[in-house]
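Below is a short report on a single chain.

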Amino acid sequence: MKVIQTIAFLALSAISSSSFASYESVSHNDYQALPFPQLHVESAGETNPLKKINKDIDGKEIVLAGWFTKTWMDAENNDSYNWVFANIPTICEHTGIPMPTQVILVENPKNIKLVASEDQPFYAFGKIRVEQTIDHIYTSTYTLELHDVIPYDASQHKSESNKSE
């Protein structure tokens with residue numbers, strides 16, 4: 001698990017020197033890279049998954065890598081009412097109910113155009129709040145006030161030995 005967290009942190013840290021074009025003029029260096037595993041905190045004796053949260057990140061500006069998913073939409077206009085951000089592209093097809101720390105409710109006050117695609121992960125920049133949301137489709141322990149989004153490009157993060165492949 002520690003190796004996965006380190007790899008995720010290095011990949012997220014690399015965006016400050018990448019050639020991604022952001023949708024907004026946001027200083028991405030001001031955001032703390034936060035891999036999804038750091039959202040879930042094990043507590044001795046705690047069995048309630050809604051309480052296994054990282055309270056230390058409340059109110060911090062963070063960046064996460066993951067996928068956007070529409071949770072409710074107006075079929076006639078293809079308008080989404082709610083978006084969530086998750087650590088896997090197929091969160092709606094998840095085997096079993098996803099942990100509340102794997103699904104983050106997204107607030108989009110800047111009306112940034114979001115894309116729900118299994119093929120395209122994104123970096124999501126914003127202020128995270130520890131906030132419980134229980135919906136008929138999902139349960140979340142965090143809300144992200146979205147400040148910016150940039151596409152994740154895995155080729156930017158290949159090791160030197162893999163670049164020649």
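## Confidence

The average pLDDT of the chain (the predictor's confidence in each residue, from 0 to 100) is 79, and 71% of the residues score at least 70. The model is predicted: local features need pLDDT of at least 70 and side-chain atom pairs count only at pLDDT 80 or more, while totals for chains, interfaces and linings use all residues. Residues are numbered from 1 along each chain as its sequence is written, and side-chain values use heavy atoms, with hydrogens and water left out.

Over residues 1–23 pLDDT stays under 50, and the model has 40 contacts (heavy atoms within 4.5 Å) beyond four places in sequence for this stretch. Residues 160–165 also stay under 50, with 1 contact beyond four places in sequence. Where pLDDT is low, the predicted coordinates should not be read in detail.

## Nonpolar cores

A nonpolar core here is a set of buried Ala, Val, Leu, Ile, Met, Phe, Trp, Tyr and Cys residues joined through side-chain atoms within 4.5 Å. Buried means under 20% relative accessible area, exposed over 50% and partly exposed in between (1.4 Å probe, protein chains only). The largest core has 21 residues, and Leu39, Phe68, Phe85, Ile104, Leu114, Ile128 and Leu146 have the most contacts inside it. Two or more residues each come from strands S2 (61–74), S3 (79–86), S4 (103–107), S5 (122–134) and S6 (139–151); strands are DSSP runs (E, at least two residues), numbered from the N terminus. S6 gives the largest share, 4 residues.

A second, separate core has 7 residues, including Tyr31, Ala33, Val63 and Tyr123.

## Phe68 and the aromatic residues

Phe68 is buried at 3% relative accessibility. Leaving aside residues up to four places away in sequence, its contacts include Trp83, Phe85, Leu114, Phe122 and Leu146.

The structure holds 6 aromatic pairs, that is, rings of Phe, Tyr and Trp (its six-membered ring) with centres within 6.5 Å; planes under 30 degrees apart count as stacked, over 60 as edge-to-face and the rest as tilted. Phe68 and Phe85 have ring centres 4.7 Å apart and planes at 55°, so this pair is tilted. Phe68 lies in S2 and Phe85 in S3, so the pair ties together parts 17 residues apart in sequence. Phe85 is buried, at 0% relative accessible area. Phe36, Phe68, Trp83, Phe85 and Phe122 form one aromatic cluster.

## Gly59

Gly59 sits in the loop between strand S1 (32–33) and S2. Its relative accessibility is 37%, so Gly59 counts as partly exposed.

Beyond four places in sequence, Gly59 touches Lys127, Ile128 and Arg129. The C-alpha atoms of Gly59 and Lys127 are separated by 5.9 Å, although the two residues are 68 residues apart along the chain.
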